[in-house]
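Subject: Handover of a structure

Dear colleague,

I am passing a structure on to you, together with a short account of what was found in it. Please look through the structure first and then read the notes below it.

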Amino acid sequence: MKILQKLSPGRLLALGFLTVILVGSILLVLPISHKEGMEVSYIDALYTSTSAVCVTGLAVFDPGSTLSMFGQIVLCLLIQVGGLGVATVGAGLIIMVGKKISLRGRNFIKEGTNFSSVSGVIKFLRKALFITFTVELAGAILSYTVFVQDFGPIKSIWLSIFHAVASFNNSGFDILGMNNNLYMYKDNVMLNLVTALLIILGGIGYLVIIDVCRKKGNFRKFTMHTKVVVMMTAILLAGGTIILKLTEGENISWLGAFFTSTSTRTAGFSTFQISGFTDPGLIIMCLLMFIGASPGSTGGGIKTSTFFILLRGIMAESSENSIKAFRYSISRSLYYKASVITLLAMGVVFTGTFLMTVFDPAIRSIDAVFEVISAFGTVGLSTGISPTLSVGSKIVTILIMYIGRLGPLTIASLWNKKHEERVTYPEGNIAIG
């Protein structure tokens, strides 16, 4: 316990996620988690547990055909814990038993939820839990009206609950069976729109949802963060829909293009086979996956706000003006941080792709890049290569999903200790550009 008390919130968060992943892998490898006649190796159980806790959705086996009810419940709980975050779940349990959370605990929650300060973090936590379970319940009820038409009433209840949890937490797992994902519902407007709405709500983050509700949808009264997230989300959704429809033509409907554009932003559900998309379509999807969702949400990627600040910063640097947006100035430090996050993310993707092509040289480069970006962005979409990966590539994907969930900057900071600078040096000059 003394060792844990000495850990920084970031390291404690990383350890918490790792612990949940390992516990989940042990539960998923147990015979009770599998249907009769099915077996799951430990590496596949670890891969699946990581994918669930990191709310990714990449799968090396079909959960619906392989996992028993017990295994599916474990998978659902791992998704819920991963989406809410270890800090939120732990604090929520403490609040439920009526105990107070220490200052260190509040710092831990602040780190895990991307909240701005320790003050008010418990109130924010309560709202986040309320939003989560309210939205998931509504999503389950609406999904049930669709599933009950094809499955029995009892089975449809579980399918709806699992689907709502997976959708809101931006994890692309499904338990329909036969590796069909949502292909059979590609023309079902109801399920497409309900799932897309759950994905969007989970992807914009609790801070934005609370602010939008508080300001009654008045864009001019939103905080700057909310304005950036709402604007970027709308642009990426609309832009992705139009470009995917243009690249895929008659192979995809407008509804399918919209759903794919939504899901590519870290959710991982698909109504059309990804392997059937053209290379230009896959490249656009890679970009959307890399950008991902928004801070403080259940999604991954470098985040919409990071991408926005990066673009504004580049425009300002090229014109030698200050960085501004929505009549606010943006500090250079935020631009530098956005640049570092993007550079680290690109490094993770490049390294992961290189290693995957080394371990599995038969895989097409575009498929390897797509798989790695999907893992980093905690998306869960795949061109179909996930089950065929070697052990080496699976381990690489596991590490990338873990990095993607925590964030590359958080991972990088785990190995560094802050030291007070006692020596200063004269500023040097290096030619760049």
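This is a predicted model: local features need pLDDT of at least 70, side-chain atom pairs count only at pLDDT 80 or more; totals for chains, interfaces and linings use all residues.

Residues are numbered from 1 along each chain as its sequence is written, and side-chain values use heavy atoms, with hydrogens and water left out.

The chain as a whole

The secondary structure of the protein chain comes to 19 helices and two strands. Helices (H or I, at least four residues) and strands (E, at least two) are DSSP runs, numbered from the N terminus. Of the 433 residues in the chain, 53% are buried; buried means under 20% relative accessible area, exposed means over 50%, and partly exposed lies in between (1.4 Å probe, protein chains only). A contact means heavy atoms within 4.5 Å. Among contacts with a separation of 6 or more, 70% are between residues 24 or more positions apart.

The expected span of a helix is 1.5 Å times one less than its number of residues. The buried residues of α10 include L191, V194, L198 and I199. The helices against which the buried residues of α10 pack are α8 (121–147), α9, α11 (206–214), α12 and α13 (254–264).

Helix α17 (residues 365–376) has twelve residues and reaches 16 Å from its first C-alpha to its last, close to the 16 Å expected. Ten of its twelve residues are buried, so α17 is largely enclosed by the rest of the structure. Among these buried residues are I366, F370, V372 and F376. After α17 comes T378, whose phi is positive, near 45°.

Cavities and a pocket

Rolling a probe the size of a water molecule over the atoms shows where empty space is left. On a 1 Å grid over the protein atoms alone, a cavity is a set of points where a 1.4 Å probe fits but cannot get out, and a pocket is an open set with protein on both sides within 12 Å along at least five of seven lines; lining residues have an atom within 4 Å of a point. Grid points are joined across faces, edges and corners, and a volume is the space filled by probe spheres set on the points.

How many cavities of 30 Å³ or more are there? The count comes to two. The largest cavity has a volume of about 70 Å³. Its lining consists of I199, I200, G203, I204, T233, L237, T262, R265, A293 and S294. By class, the lining of the largest cavity has five nonpolar, four polar and one charged. Here Ala, Val, Leu, Ile, Met, Phe, Trp, Tyr, Cys and Pro count as nonpolar, Asp, Glu, Lys and Arg as charged, and the others, Gly among them, as polar.

The second largest cavity has a volume of about 50 Å³. Helix α9 (residues 153–168) gives the largest share of its lining, three residues. The lining of this cavity comprises seven nonpolar, one polar and one charged residues.

The second largest pocket holds about 490 Å³ of space. It is lined by 27 residues, of which N179, N181, Y183, S382 and G384 lie nearest its centre. That lining divides into eleven nonpolar, 14 polar and two charged.

Aromatic rings

Rings of Phe, Tyr and Trp (its six-membered ring) pair if their centres lie within 6.5 Å; planes under 30 degrees apart count as stacked, over 60 as edge-to-face and the rest as tilted. The count comes to nine aromatic pairs. In one of them, the rings of F219 and F222 have their centres 5.7 Å apart and their planes at 65°, so the pair is edge-to-face. F219 is partly exposed at 33% relative accessibility, whereas F222 is buried at 8%. Ring pairs link F219, F222, F308 and F326 into a cluster.

A loop residue

K35 is found in the loop between α2 (9–29) and α3 (42–53). Its relative accessible area is 36%, so K35 is partly exposed. Leaving aside neighbours within four places in sequence, K35 is in contact with residues including G64, S65 and Q72.

Yours sincerely
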